[in-house]
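I opened this model to work through a few local features one by one. My notes follow in the order I looked things up.

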Amino acid sequence: MVGFGYDVHQLREGERLRLGGIEIPSPKGVIAHSDGDVLLHALCDALLGAVGLGDLGEHFPDTDPVYRGISSHVLVERVVALLRERGYRIVNVDATIVLQEPKIAPYRGAMRQRIAELCDIPLERVSVKATTPEHLGFVGRQEGIVAFCVCEVQPLL
Ligand code: MG
């Protein structure tokens, strides 16, 4: 089964930028109740989507004080546990981040490693790609950051 996830957050000067569980030095970071990790949020939605379990906002509403400011890696851990309880394992994850600046290529390896650990799958089954929007649109103006993620999930036999 295949799942797809998408997330977008606004950027602002002086905020922190966390992607794939990794802190990335950047003059601009994400405005969010949580750590605003668009990559991990898109991953959660892809995993939930693959098994028809709704979306992140449904499971962990940011209107609930319990989930305000919750670390995204905790969300991934909970979603992965949910899939396991339902009898599924993750086959692979493929994600793309769209961001004008900074260059995130130096952090891709660390992000893949972190996602592989969280999903409990080998490194080669995790792909993290990045592209710039060529200065076009809200991402090009550095007003926001976007992440897309697909995954494959299989029943545990
Ligand atoms: Mg989000």
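**Notebook: loops, a metal site and a helix**

I began with P102, which I found in the loop between strand 5 (88-98) and helix 4 (108-119). The model is a predicted one, and I keep that in mind for each entry. I checked the peptide bond that joins E101 and P102 and found it to be cis, with omega about -5 degrees.

**Entry: positive phi**

Next I looked for residues other than glycine with a positive phi. D120 has one, near 55 degrees. I placed D120 in the loop between helix 4 and strand 6 (126-131). Is D120 buried or exposed? I read a relative accessible area of 58% for D120, so I noted this residue as exposed.

H135 also went on my list, with a positive phi near 65 degrees. I located H135 in the loop between strand 6 and helix 5 (137-140). The relative accessible area of H135 is 58%, and I put this residue down as exposed.

**Entry: the magnesium ion**

Which residues coordinate the magnesium ion? I found D7 through OD, H9 through NE2 and H41 through ND1, at 2.2 to 2.3 Å. Along the sequence I wrote the spacing of these donor residues as D-x1-H-x31-H. H9 belongs to strand 1 (residues 2-13) and H41 to helix 1 (residues 38-50), so this pair ties together parts that lie 32 residues apart in sequence.

I then looked up how accessible the two histidines are. H9 has a relative accessible area of 17% and is buried. H41 is buried too, with a relative accessible area of 8%.

**Entry: D35**

I found D35 in the loop between strand 4 (28-31) and helix 1. D35 is buried yet has no salt bridge.

What I did find for D35 is a polar contact of 2.4 Å between its side chain and that of S72.

**Entry: helix 1**

I turned to helix 1, the element that holds H41. Helix 1 has 13 residues, and I read 18 Å from its first C-alpha to its last, close to the 18 Å expected at 1.5 Å a residue. How many residues of helix 1 are buried? I noted 12 of the 13, so helix 1 is largely enclosed by the rest of the structure. Among the buried residues are V38, L39, L40, H41 and D45.

G49 also lies in helix 1. At 38% relative accessibility, I recorded G49 as partly exposed. Not counting residues up to four places away in sequence, G49 touches G3 and G54. I also looked up G49 and G5, which are 44 residues apart in sequence and 7.3 Å apart in space, C-alpha to C-alpha.

Note on methods: Residues numbered from 1 in each chain as written. Predicted model: local features only at pLDDT ≥ 70, side-chain atom pairs only at ≥ 80, totals over all residues. Heavy atoms only, no water. Helix = DSSP H or I, 4+ residues; strand = E, 2+ residues; numbered from the N terminus. Buried < 20%, exposed > 50% of the residue type's maximum accessible area, 1.4 Å probe, protein only. Donors = N, O, S within 2.8 Å, 3.2 Å for Na, K, Ca; no water. Lys, Arg positive; Asp, Glu negative; His and termini not counted. Salt bridge = Lys/Arg side-chain N within 4 Å of Asp/Glu carboxyl O. Polar contact = N/O pair within 3.5 Å; in protein donor to acceptor, adjacent residues only side chain to side chain. Expected span 1.5 Å × (residues − 1). Contact = heavy atoms within 4.5 Å.
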